[in-house]
Amino acid sequence: MDKSQLIEMTARRAADGPEGRQLTADDIGRILDVLFGTVEQAGTIAEALKARESVALGSFGSFQAADGVATFRPGVALTEYLREQTR
């Protein structure tokens with residue numbers, strides 16, 4: 001799945017959500033760019049890692065950086081989902 005497919009899938013899922021402000025594909029694209037960055041500008045996750053902070057995303061997992069290398073540690077819920085062991 002590339003970025004545009006991720007954006008479109010997320011926009012469709014957001015449209016299926018509870019009433020309120022709906023997110024457009026442009027909104028979601030901007031959010032992804034702010035979080036993960038672009039060629040021109042680092043995202044908030046990269047900035048936090050460079051500041052030697054870890055970024056925890058609940059049961060999804062967390063990002064850490066050591067010696068200039070970023071790593072991702074999946075959370076329990078993500079691992080269980082991928083193994084089809086969800087509760």
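The legends below describe close-up views of a predicted model.

**Figure 1. The chain is divided into two domains.** Domain 1 covers residues 1-36, and domain 2 covers residues 52-86. The centres of domain 1 and domain 2, taken over C-alpha atoms, are separated by 21 Å. Both domains contribute to the lining of the largest pocket, with at least three residues from each.

**Figure 2. Three strands form an open, antiparallel sheet.** The order of the strands in the sheet is E1-E2-E3. Strand E1 (55-56) and strand E3 (69-74) are the edge strands, each of which pairs on one side only. Strands of a sheet pair through backbone hydrogen bonds, and the pairing may be parallel or antiparallel. Here, E1 and strand E2 (residues 61-66) pair in the antiparallel sense over two bridges. E2 and E3 also pair in the antiparallel sense, over six bridges.

**Figure 3. The hairpin of E1 and E2 has four residues between its strands.** In this hairpin, glycine 58 takes a positive phi near 55°.

**Figure 4. The hairpin of E2 and E3 has two residues between its strands.** Aspartate 67 lies in the loop between E2 and E3. Most residues other than glycine have a negative phi. Aspartate 67, although not a glycine, has a positive phi of about 55°. Is aspartate 67 buried or exposed? Because its relative accessibility is 82% and the term exposed applies over 50%, aspartate 67 counts as exposed. Asp67 is also among the residues that line the second largest pocket.

**Figure 5. Alanine 70 lies in strand E3.** With a relative accessible area of 53%, alanine 70 is exposed, because this value is over 50%. Leaving aside residues up to four places away in sequence, alanine 70 touches Leu49, Gln64 and Ala65. Alanine 70 and arginine 30 are 40 residues apart in sequence, and their C-alpha atoms are 22 Å apart in space. Ala70, together with Leu49 and Ala65, is included in the lining of the second largest pocket.

**Figure 6. The largest pocket has a volume of about 300 Å³.** Rolling a probe the size of a water molecule over the atoms shows where empty space is left. By class, the lining has nine nonpolar residues, no polar residues and no charged residues. Which helix supplies the largest share of the lining? Helix H2 (residues 25-36) does, with three residues.

**Figure 7. The second largest pocket holds about 160 Å³ of space.** Its lining is made up of Ala46, Leu49, Lys50, Arg52, Ala65, Ala66, Asp67, Gly68, Val69 and Ala70. Helix H3 (44-50), E2 and E3 each supply at least two of the lining residues. H3 gives the most, with three residues.

**Figure 8. Glutamate 84 lies in the segment after helix H4 (76-82).** This glutamate is not a glycine, yet glutamate 84 has a positive phi of about 55°. Is glutamate 84 buried or exposed? Glutamate 84 has a relative accessible area of 75%, which is over 50%, and is therefore exposed.

Note on methods. Residues are numbered from 1 along each chain as its sequence is written. This is a predicted model: local features need pLDDT of at least 70, side-chain atom pairs count only at pLDDT 80 or more; totals for chains, interfaces and linings use all residues. Side-chain values use heavy atoms; hydrogens and water are left out. Two strands pair if DSSP finds at least two bridges between them. Domain bounds come from an automatic or database domain assignment. On a 1 Å grid over the protein atoms alone, a cavity is a set of points where a 1.4 Å probe fits but cannot get out, and a pocket is an open set with protein on both sides within 12 Å along at least five of seven lines; lining residues have an atom within 4 Å of a point. Grid points are joined across faces, edges and corners, and a volume is the space filled by probe spheres set on the points. Ala, Val, Leu, Ile, Met, Phe, Trp, Tyr, Cys and Pro count as nonpolar, Asp, Glu, Lys and Arg as charged, and the others, Gly among them, as polar. Buried means under 20% relative accessible area, exposed over 50%, partly exposed in between (1.4 Å probe, protein chains only). Contact means heavy atoms within 4.5 Å.
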